[in-house]
Every structure is written in structure tokens, then in C-alpha cells.
Amino acid sequence: MPLNGWKTRNCSATTNAILRRVITKEGRSRAYINGTPSPLSDLRGIGELLVDIHGQHESQSLLKKNSHRLLLDDYANTRKLATDVAFIAHQHNRLQTELDELLSSQQEQHERVQLLTYQLEEFEQLSLQEGELTGLEKELQQLTHAEATLSACHQINHICSDSDAGNLLQQLTHCMHLLGDLSVDHLAINSTMEMLSSAHIQVEEAVGELNHFIDHFDADPQRMQEVDERLSAIYDLARKHRVQPDELLDKQLSLATELEKIQFSDEHADALQSKLDELKHKYQTKAEKLSERRQKASRKLEKQVIARMSLLGMSRGQFNVSLTPHDTKTLSSLGQEDIEFLVTTNPGQPPRPLAKVASGGELSRISLAIQVITAQTSRIPSMVFDEVDVGIGGGTAEIVGSMLRELGEKSQVLCVTHQPQVASQGHQHLFVSKKHSKSASSTRIANLNGDHRINEIARMLGGVEITRSTLVHAEEMLGLPAL
């Protein structure tokens, strides 16, 4: 089986990707990308970006609607515009979801606002000040023990200065007089005299401080009741919010912050709506421009593909690029329309999706026609055509070969063919054959050059017996001078 290759002018690359799949005797398989074990899905995904297969039973890209849009956008040179439209749509839809969630929780937020407002009013009524709790607890303790405190203070005053029976100050004074009357100059006596004098001064000062405390001490029972009620109110509010009394001010700040955030949500919703309106306007402007360019390019592509189909033996075939407007509330990242390639090869029948209408050979030739036209903008570097010439005559086969050669000037093309008119157009000719033995079968690929290629083209032309005429014809098809 001949395998022909069409080389490309732009075959250099800055990076290499080696895809490998190993199937063991047990039937297990392993996939590798540049030598690294990888999931088979990754291997398939990268492979679809590198190689496009068109054959009797599959046309890798043309059977996928997504590829129709990409092909049309490449052909119309609108890929960047389509990317902008997709980006704006994603932004809009993300913000729309955020706004919808915000609006859906408005009732719950309203109820929460009412609760927070009520709770903050309680805090404002309490009007707790920083450090007030500690002061009130200390004051309450003092008022609770007021009677005992005053009693102890009066007893001390009596002992130190008020007792007629000899208070402490009088006793210290008497002691100092006794020592002063002594005619003894001794260190111990002098030291004792100084200490007694110092003690007398200290007791006098202590009595003064104690009298000042007694004069200003407020033992009003009414005040104690007020302090007790104030502390009770603080403790009750702390229990209500399940915090410690000294954490009440932090709780008040937390509630106020939450209320402010919820009240800000209305402003946030307005800002979101404004941004959504702006994005929708941008989307409509760019999407309409994209649609216009797609419409214009689709009419041009239809004419070119129909012309190529006619050359490929489908003279009455029709090709149509369907642009169906979206009927969705959300902005589509694909633009304002669905894009699908429709075709009919039989007169009188309306165009339908490629996979439902075209036969294997027709699909391959339609794919070839499209690929030749869009080759200048195609992003897939390699294409494989498997028996694209099935069911066509010699004249059409020659046109297929010419188209493949034309396509090979832009991309790397491999074609499996039994038609000499196709094989002769290739830049290289590989011969694929099978070899069988009693225990196994093997496949061989030989690179045909010179006379070997002439002989293979002649065999394809004339069968098993190769004559001088078929050799001359083969040389003519290959564009070689006659021997």
C-alpha cells in the first residue's frame, strides 16, 4: 500500500513533542509525552492539536462542531476578536452569578439587618466605656464592705490618737521624754531616740491619711444599688451574646462591622449592575462585529468549497456554513451564533451535518477541499488522509493529488492511496507492505526513490505486468524526462 508524503515549506519548529504509546503483550498500554508517563487523555488531547486525521471512517476535526467555529474564525482572521468576546462573556457571566447570589439573599439580609440594629441599640443604651467594668467591680467591693471599713478606721484612729487612756502618739511622746531626760551619751540610746521620733512622725501621717479617707468615704447605700444594677446590666448583656463581660466592646465592634458590610451590599449590587451593563455593551459591540465578519467569511468559504467539491467529483454538491443565533439569557463565550458546516451531495436534498450526510470517501474529499482553502490559517501542523480517493475516477484523482500537493506547501500531509494520479504528486513515496510467517505478521515501510518509485507508479497504472508504456507514463506523471 503506497503512503505518500507532502513536505511543507515551514517545517522548522522551536519545540519538539514526542508522543509514545506502548502496548504490552498482556494488552495493557502506557502513554508517554516527551518520555514522561501521562494519562491517555492528555496524549489524545495533544495529538488532536498536532495531527488531523481524515479517512473512510473518521474525520477527526470536521465531525466536531467546535472545530467548525475555529476553522471559520481562522479563515475570517477573527480569532483574536473571538477571544475578546469569550473573555468578556466569562467576565459578565461570573459577575451575573455573583449579583444573582447577592440578590437572592436580600430577604435573609433584611432580617439580619433588623436583628443587628436591635442588638446595637442595646449596646448603645448600655453605653459601656473602656475600663468601666473594672472600676465598677472595685467600687462595688468597696461599698459592700463600707461598714466594716469605717469601723476599722475609727478603731485605728482611737488607738493612735483619740484614746484618753493613752493613745499611741502619747505613748511615743512619753517614751521620747524618758530617753531625753537621761544624761547618757550612748549610741544605742541616741539611735532609739531617732527611731521613736521617726515612728511618731509616721503614725501622725498615717492618722492624717486615715482621717482624709474617712472624710471622703461614700458609704451611700443608694450608690451601691446603682453600681450593682449597672454591673447586672453588663453581665446580662454578656450572657446574651455568650461572651465574657470584658469582651463586650469587641462584640459591639463586630456587630457594627457586620451591619456596615450588609448595608454596603446594596451599593455593591448597584456597582455590579453598572459593571454588567458596561460589559454587556462591550460584548454586543464586539459580538456584532464578529458576527458580521463571520457572515461575510462564511459566504466566501461556501463558494470556494463548492468550487473545490465540483472539481473533486461532486459537481452538484452544496456546502453551507450555518450560523444559528443563540437563544440563551446568558452571554455565550462563542459569540452570538452556533456555527456548523452542512453539506449535501445529492440534488434536491437540504444540507445536513457532515457526519449524517457524506459517505467516508466524500467526507474525506470535502475535508480536503476545506483544508486546502483554510490551509493558510490552519493551526494544525500535520494532516493524514486515508484513501481519500476511494470511488473517484482518474481525472478527479489527479485533481485530488494536485490539491494534496498544494496543501503540502502549507502543512505536513500524509496520504494513503491506491491511485497513481495521487501518489505521483507526493514529495516522497513510502511503500507499506505486510509480511506473514507461521508465527507472526509484520509491517514494513520502504522509502521509494528513483527507479523504485517509477516502477511502483507503473505497477499502480498497469497492474502486475509492467510494460515500457506504463514506465513512460509513470515518468510523465512524476514529471521526469523520458529515458
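**Close-up views of salt bridges and a helix contact**

**View 1. Salt bridge of Asp74 and Arg79.** The side chains of Asp74 and Arg79 form a salt bridge with an N to O distance of 2.9 Å (side-chain nitrogen of Lys or Arg within 4 Å of a carboxyl oxygen of Asp or Glu). Asp74 is buried at 8% relative accessible area (buried is under 20%, exposed over 50%, partly exposed in between; 1.4 Å probe, protein chains only). The model is predicted, with local features requiring pLDDT of at least 70 and side-chain atom pairs pLDDT 80 or more, while totals for chains, interfaces and linings use all residues. Residues are numbered from 1 along each chain as its sequence is written, and side-chain values use heavy atoms, without hydrogens and water.

**View 2. Helix 2 against helix 10.** Helix 2 (residues 65-76) and helix 10 (residues 248-311) pack at about 95 degrees, their axes 9 Å apart (helices are DSSP runs of H or I, at least four residues, numbered from the N terminus; axes are lines fitted to C-alpha atoms over the stretch in contact, with angles from 0 to 180 degrees between N-to-C directions). Helix 2 is therefore roughly perpendicular to helix 10 (65 to 115 degrees). Residues in the contact (heavy atoms within 4.5 Å) include Arg69 and Asp73 of helix 2 and Arg293 and Arg294 of helix 10.

**View 3. Salt bridge of Glu406 and Arg308.** The N to O distance between these side chains is 3.4 Å. Glu406 lies in helix 13 (residues 394-408) and Arg308 in helix 10, so the pair ties together parts 98 residues apart in sequence. Glu406 is partly exposed at 39% relative accessibility, and Arg308 is partly exposed at 21%.

Definitions and conventions
Helices (H or I, at least four residues) and strands (E, at least two) are DSSP runs, numbered from the N terminus. Angles under 35 degrees count as roughly parallel, over 145 as roughly antiparallel, 65 to 115 as roughly perpendicular and the rest as oblique.
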